[in-house]
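Student: Hey, I've never looked at this one before. Can you walk me through it?
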Amino acid sequence: MKLQYWGTAAAEGVPAIFCRCEVCQEARKRGGRNLRGRPNALIDGVLKIDFNPDTYQQSIRYGVDLTELRYLLVTHTHSDHFYPKDIFMRRKGFANYRGDNVLLTVYGSDKVVEQIRPAQESKSMEGLLDSVLLRPFDTVQIDKYTVTAYPGHHAPDSGPLIYGISDGERSLLYCHDSGPLKEEVWENWKANGTYFNYVSMDCTEGATPSMSYAHHMNLARDIELRDRMLAEGVADEKTVFCCNHFSHNGGNSLYDEFKEIAAKEGFIVSYDGMEVEI
Ligand SMILES: [Zn+2]
Ligand SMILES: [Zn+2]
Ligand SMILES: [Zn+2]
């Protein structure tokens, strides 16, 4: 299974759109992997995870033709993960079809489906857009992938789901956005003997020493998550753990610095365009 990160920042990007903090100024100066777009990912060129305002430009940058996209898995409705206005550009007139229409199916929580339904039901979108409602702990088959939705520990009004995705041989946990996981998720994993080869973890707060905010993670919380996954057999020494989803407000959050800090803890660090063979 190949995972490609298109964007790896939190909501406002790095540099943040209107920010002049030291981190953002430095990111503008250094460029390269220190520049992060809003979070997007793609599995095997087939299964898209999230669709934010940067998706259009990122699709061009990474040479992916979105007219071929059939499967979109949405984590929650925050604008850095879901920007339905661009999905509405599928409607006839804004997009021209030649009888070879591809049906795009959007999978997500009730909040996601609520936002997509008006477009789905409009005449101009006939045969072009479908949606599938996922509730926490639902499992669905999407192409060759078995996808299980787990409740994210994140703003409840955004309908947060995190996803376990397996192609039958390899499996990954896409844990964005979420704070420390709910006990019911651990219980579910235990009951099902769940195992992940790869874990993409929220690291919005970077190396900030401590945080009280419940809905995101920092490196210390990532370590706690990793250690409990290892202890409970949800992961093992072969599992790769990746820190992703960075805010300019997080500690030592520029890629160059954070990569070194995370490596000492055994983590890899995402950057825009990074491809991982899982
Ligand atoms: Zn986010
Ligand atoms: Zn900033
Ligand atoms: Zn969010």
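Predicted model: local features only at pLDDT ≥ 70, side-chain atom pairs only at ≥ 80, totals over all residues.
Student: OK, back to His248. Which zinc ion has it as a donor?
Tutor: That's the zinc ion (ligand 2), where His248 donates through ND1. The other protein donors there are the SG atoms of Cys19, Cys21 and Cys24, and the distances run from 2.1 to 2.3 Å. A donor here is an N, O or S atom within 2.8 Å of the metal (3.2 Å for Na, K and Ca); water isn't among the atoms, so sites may look incomplete.
Student: What geometry does the site of ligand 2 have?
Tutor: Tetrahedral, with angles of 102 to 117° among the four donor atoms. For four donors, that label needs all angles between 85 and 135 degrees; square planar (four) and octahedral (six) need opposite donors over 155 degrees apart and all others between 65 and 115, and anything else is irregular.
Student: And how are the donor residues of ligand 2 spaced in sequence?
Tutor: The pattern is C-x1-C-x2-C-x223-H. Cys24 sits in helix 1 (residues 22–30), whereas His248 is in the loop between strand 12 (240–244) and helix 7 (255–264), so this pair ties together parts that are 224 residues apart in sequence. Helices (H or I, at least four residues) and strands (E, at least two) are DSSP runs numbered from the N terminus.
Student: What's the relative accessibility of Cys24?
Tutor: It's 0%, so Cys24 counts as buried.
Student: New topic. Which residues coordinate the zinc ion (ligand 3)?
Tutor: His76 (NE2), His78 (ND1), His154 (NE2) and Asp177 (OD), at 2.1 to 2.4 Å. Going along the sequence, those donor residues follow H-x1-H-x75-H-x22-D.
Student: What's the geometry at ligand 3?
Tutor: Irregular: the angles among the four donor atoms there span 92 to 167°. His76 lies in the loop between strand 4 (71–73) and helix 3, and Asp177 in the loop between strand 10 (171–175) and helix 5, so the two tie together parts that are 101 residues apart in sequence.
Student: Are His76 and Asp177 buried or exposed?
Tutor: His76 counts as buried at 0% relative accessibility. Asp177 counts as buried too, at 2%.
Student: How far apart are ligand 3 and ligand 1?
Tutor: Those two zinc ions are 3.6 Å apart, and Asp177 coordinates both.
Student: Nice, then which residues are the protein donors of ligand 1?
Tutor: Besides Asp177 (OD), they are Asp80 (OD), His81 (NE2) and His245 (NE2), lying 2.1 to 2.2 Å from the zinc ion. Their sequence spacing reads D-H-x95-D-x67-H.
Student: Why is the arrangement around ligand 1 irregular?
Tutor: Because its four donor atoms subtend angles of 92 to 158°. Asp80 is in the loop between strand 4 and helix 3, with Asp177 in the loop between strand 10 and helix 5, so that pair ties together parts that are 97 residues apart in sequence.
Student: And the relative accessibility of Asp80, what's that?
Tutor: Asp80 comes in at 4%, so it counts as buried.
Student: Let's zoom out. How many helices and strands are in the protein?
Tutor: Seven helices and 14 strands.
Student: What box do the C-alpha atoms fill?
Tutor: Roughly 55 × 50 × 35 Å, taken along the principal axes.
Student: Last one: what percentage of the residues is buried?
Tutor: Of the 278 residues in the protein, 55% are buried. Among them are Cys24 and His248, the residue you began with.

Terms used. Residues numbered from 1 in each chain as written. Chains lettered and ligands numbered in written order. Heavy atoms only, no water. Buried < 20%, exposed > 50% of the residue type's maximum accessible area, 1.4 Å probe, protein only.
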